[in-house]
Amino acid sequence: MNVPVTVYAEMTPNPSTMKFVANKYLLLTGDSVEFSSMTDAKGFSPMAEELFNFPFVKNVFMAANFITITKTDNVPWDFISMELREFVKGWITDGKDVLIQMPAPKTVIEATEDKPKKEYLPSEYDDAIKSLLDEYVRPAVENDGGAIDFRGFDNGVVTVVMRGSCAGCPSSTMTLKGGIENLLKSHLPEVTEVVAENE
């Protein structure tokens with residue numbers, strides 16, 4: 001028997017993003033993907049591509065069973081959340097493709113003007129840090145419509161990338177410093193600081 005698709009909209013700590021949660025899995029658990037333009041989404045996510053046809057959609061982040069949409073500042077959520085919710089629900093109900101293939105991870109060269117992103121050498125603490133992030137941090141961050149990815153550990157500093165609603169959200173800095181940094185320090189005395197790298 002087919003379970004009807006339900007989608008509900010939920011505000012996130014970031015005022016310009018809203019999370020649309022479905023009662024069906026859209027991506028494999030642990031997978032997440034983000035698009036910041038129609039060009040980004042082309043050939044990867046027909047759903048994201050279609051969402052960028054809405055003039056107020058600025059960013060689309062997808063994970064497990066939700067999609068976080070970042071809107072432009074010129075239109076309030078009151079006017080568009082229902083329309084977006086119906087779009088997401090209709091797309092899933094019709095069984096259309098959410099994602100046809102995962103984009104390749106962004107290459108180091110695309111980083112800020114001529115300054116390549118820092119390369120991290122594997123460290124003996126990487127696995128411990130990743131498992132702490134997966135167990136304690138990821139569920140909470142996903143709950144807020146975002147994702148956190150471990151980038152590297154160097155000289156006591158853990159570097160992570162915040163995506164989805166967590167990118168550029170005022171409260172994500174507090175989460176990073178207060179929550180994640182304290183958690184990692186209490187489990188691994190070698191950690192002195194946690195910083196976020198901007199995508």
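In this predicted model, a polar atom of the Lys 71 side chain lies 2.9 Å from the backbone oxygen of Val 75, a polar contact being a pair of N or O atoms within 3.5 Å in which, within protein, one must be able to donate a hydrogen and the other to accept it, while residues adjacent in sequence count only if both atoms are side-chain atoms. Lys 71 is buried yet has no salt bridge, and Asp 73, the nearest side chain of opposite charge, is 4.8 Å away. Buried means under 20% relative accessible area with a 1.4 Å probe, protein chains only, and a salt bridge needs a side-chain nitrogen of Lys or Arg within 4 Å of a carboxyl oxygen of Asp or Glu. Leaving aside residues up to four places away in sequence, Lys 71 touches Ser 16, Phe 56, Lys 58, Pro 76, Trp 77 and Ile 80, where contact means heavy atoms within 4.5 Å.

Lys 71 belongs to strand E5, strands being DSSP runs of at least two residues, numbered from the N terminus. On one side of E5, Phe 66, Thr 68 and Thr 70 are buried, and on the other Ile 67, Ile 69 and Lys 71 are buried as well. Two strands pair if DSSP finds at least two bridges between them, and the pairings of E5 are listed here.

| Partner of E5 | Sense | Bridges |
|---|---|---|
| E2 (residues 17–22) | antiparallel | five bridges |
| E4 (residues 57–63) | antiparallel | six bridges |

Within E5, Phe 66 is the bridge partner of Val 21, and Thr 70 that of Asn 59. E4 and E5 form a hairpin with two residues between them.

Residues are numbered from 1 along each chain as its sequence is written, and side-chain values use heavy atoms, leaving out hydrogens and water. Because the model is predicted, local features need pLDDT of at least 70 and side-chain atom pairs count only at pLDDT 80 or more, whereas totals for chains, interfaces and linings use all residues.

Definitions and conventions
Buried means under 20% relative accessible area, exposed over 50%, partly exposed in between (1.4 Å probe, protein chains only). Helices (H or I, at least four residues) and strands (E, at least two) are DSSP runs, numbered from the N terminus. Lys and Arg count as positive and Asp and Glu as negative; His and the chain ends are not counted.
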